[in-house]
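Subject: Model handover and notes

Hello,

My notes follow below it.

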Amino acid sequence: MNSMKLKLIYPEEKIKEPILSKLCKTFDVDINIRKANVQENIGWLELELIGTEEEIEKAMDWLIKQGIEVSPLEGQVFTE
Amino acid sequence: MAKIKGLACKECGREYPIEPIHVCEFCFGPLEVVYDYEEIKKNISREKIEKGPKSLWRYIDLLPVENATVGLSAGFTPLIKAENLGKELGLKNLYIKDDSVNHPTLSFKDRVVAVALSKAKEFGFDTAACASTGNLANSVSALASSSGMKCFVFIPSNLETNKIIGSLVFDPVVVAVDGNYDDVNRLSSEIANEFGWAFVNINVRPYYSEGSKTLAFEVAEQLGWKSPDAVVAPLASGSLYTKIWKGFNELKEVGLINDKPPRMYGAQASGCSPIYEAFKEGRDWIKPVKPDTIAKSIAIGNPADGPYAVKVAKESKGDMEIATNEEIIEGIKLLAKTEGIFTETAGGTTIAVLKKFAEKGVFNPEEIIVAYVTGNGYKTMEVLEGHLKSPIHIKPSLHEFKEKVIGQTVKG
């Protein structure tokens with residue numbers, strides 16, 4: 001099993017959708033939320049995504065397609 | 001006795017051994033090196049440092065490295081009393097810390113990479129890696145090649161090759177990933193987890209970032225072992241800014257300076273200012289942005305150390321400001337015209353913000369102010385195209401020279 005530490009940021013219009021619940025039903029991954037701050041106009045979560053490499057990548061792609069900002073926990077690794 | 005106690009989580013304080021790890025397994029907070037200052041105090045002195053190598057390694061007692069093996073000429077850059085710029089801004093004791101001439105690749109990144117790769121070698125890594133198209137890639141490629149490490153650089157594939165010539169010359173393996181910067185970030189993170197490589201700002205980040213403290217150490221020594229009243233520094237990930245603060249605090253902690261650490265002023269580009277926005281809105285978390293600025297070297301939309309930078313600005317009684325593209329270019333030109341230093345856009349941002357704060361009357365004219373210039377303008381000359389005077393064209397005739405050149409310049 002692989003795992004990936006991610007930060008997810010929800011735009012306002014996505015806050016009411018059960019995105020993580022759908023994620024776990026659609027892909028063979030587990031999630032372990034470590035930190036979160038969800039308010040009426042924005043939400044962010046720090047979590048671990050656990051599964052095979054392939055399922056993790058599919059799950060990340062799906063989250064991005066839902067409009068969620070998905071970044072590795074390191075923040076923006078890329079500089080310049 | 002060891003100078004380092006270990007790593008500790010910046011959020012929950014949980015302790016970890018000195019290993020190539022960077023995130024707390026419990027709360028996912030970033031890990032930071034913790035020193036035994038009582039022990040360091042016994043070994044460190046101004047005299048010992050002054051007799052040390054003319055590089056950042058003179059401060060090895062306050063760095064997380066036992067044996068300096070990489071980047072032996074990095075650091076020890078000039079601190080210039082900026083009389084002309086000071087006059088322009090009404091500041092009598094303005095200094096420029098000039099890392100545009102840092103060795104070997106002309107930006108402050110040579111400091112952090114020297115520390116990261118020296119530590120990586122201690123850990124037994126033989127491969128260095130980073131995701132960058134600019135200063136960081138230049139530095140990792142150069143220092144990996146001179147220290148005999150293998151090197152991988154990750155970039156988005158739609159990038160023009162001429163952007164990375166300054167790295168390619170050192171012969172790293174450049175991996176062009178189909179996707180945007182976010183995709184490269186995610187892949188880099190996955191690779192860092194899986195391969196035994198020193199990914200400079202991922203798994204060896206706690207050590208890497210400590211290199212920026214030397215920007216504080218050098219300034220204090222160059223001022224005659226004192227802290228300036230205020231500093232202005234660029235904000236990208238927030239790491240450099242927070243480590244400059246940590247550096248001055250450490251010097252006080254071990255008794256090398258007596259005065260209080262400086263007020264910390266931070267500079268961001270208006271096209272990428274998530275830390276500034278959090279600071280102004282009183283938020284302790286960062287809302288990521290999509291960068292749109294000419295200041296590419298500081299355009300980090302999701303800055304990892306942003307919340308800590310906000311904290312430092314508050315704690316030090318400093319402030320933050322932003323500069324537009326036009327103001328950044330004016331900042332580059334102002335520094336060049338007054339002090340003969342050609343910096344890139346991050347330096348232009350810092351100078352533009354310094355000017356704004358000076359005009360607002362934030363500084364007392366007698367105070368010692370240090371502005372950090374972190375990179376070299378010769379690397380990104382294209383940003384100035386169309387913003388500089390054109391040459392005066394004449395025929396090879398003395399008459400025309402007198403009429404068009406002397407006439408114009410005397411009149412003008």
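The centres of domain 2 of chain B and domain 3 of chain B, taken over C-alpha atoms, lie 26 Å apart. Domain bounds come from an automatic or database domain assignment. That assignment gives chain B domain 1 (1-43), domain 2 (79-105 + 209-384) and domain 3 (126-203). Six residues from domain 2 of chain B and six residues from domain 3 of chain B make the contact between them. Two residues are in contact if their C-beta atoms, placed from the backbone, lie within 7 Å. On the domain 2 side there are one nonpolar, three polar and two charged residues. The classes: Ala, Val, Leu, Ile, Met, Phe, Trp, Tyr, Cys and Pro are nonpolar, Asp, Glu, Lys and Arg are charged, and the others, Gly among them, are polar.

Some ground rules. This is a predicted model: local features need pLDDT of at least 70, side-chain atom pairs count only at pLDDT 80 or more, and totals for chains, interfaces and linings use all residues. Residues are numbered from 1 along each chain as its sequence is written, while chains are lettered from A and ligands numbered from 1 in the order in which they are written.

Confidence in chain A

pLDDT is the predictor's confidence in each residue, from 0 to 100. Chain A has a mean of 88, and 92% of its residues reach 70 or more. Within chain A, helix α1 (residues 19-26) is highest at 95, and β4(A) is lowest at a mean of 87.

The sheet of chain A

Helices (H or I, at least four residues) and strands (E, at least two) are DSSP runs, numbered from the N terminus. Four strands of chain A form an open antiparallel sheet, in the order β2-β3-β1-β4. β2 and β4 of chain A are the edge strands, each pairing on one side only. Strands count as paired if DSSP finds at least two bridges between them. Direction ignored, neighbouring strands of this sheet are turned by 25° against each other on average. Axes here are lines fitted to C-alpha atoms, for helices over the stretch in contact, and angles run from 0 to 180 degrees between N-to-C directions.

β1(A) and β3(A) run antiparallel and share nine bridges. A:Y10 faces A:G43 in β3(A). Helix α2 (residues 53-65) of chain A packs on the sheet and touches β1, β3 and β4 of chain A. The direction of α2 makes about 155° with that of β3(A).

β2(A) pairs with β3(A) over eight bridges, also antiparallel. A hairpin of four residues joins β2(A) to β3(A). A:N37 stands opposite A:W44 in β3(A). Is β2(A) largely in the open or buried? Of its nine residues, the number buried is zero, so β2(A) lies largely in the open. Buried means 20 or more other C-beta atoms within 10 Å of a residue's own, exposed means 12 or fewer, and partly exposed is in between, with C-beta atoms placed from the backbone.

Where the chains meet

The contact takes 21 residues from chain A and 31 residues from chain B. On the chain A side, β1 (2-10), β2 (30-38), β3 (43-51) and β4 (69-72) each supply at least two residues. That side divides into nine nonpolar, five polar and seven charged residues.

Around α11 and α12 of chain B

Helix α11 (residues 274-281) of chain B has these buried residues: B:P274, B:I275, B:Y276, B:A278 and B:F279. Their cover includes β11 (263-269), α12 and β12 (319-323) of chain B. B:G282 follows α11(B) and has a positive phi, near 70°.

B:E315 sits in helix α12 (residues 306-315) of chain B. B:E315 is partly exposed, because 13 other C-beta atoms lie within 10 Å. Its C-alpha is 8.9 Å from that of B:M264, 51 residues apart along the chain. B:K317 is in the loop between α12 and β12 of chain B. Phi of B:K317 is near 60°, positive in a residue other than glycine. With 10 other C-beta atoms within 10 Å, B:K317 is exposed.

Backbone points to check in chain B

B:H103 and B:P104 are joined by a cis peptide bond, with omega about 5°. B:P104 is in the loop between β5 (93-98) and α4 (109-123) of chain B. B:L106 lies in the loop between β5 and α4 too. Phi of B:L106 is positive, near 65°, in a residue other than glycine. B:L106 counts as buried, because it has 21 C-beta neighbours inside 10 Å.

Best wishes
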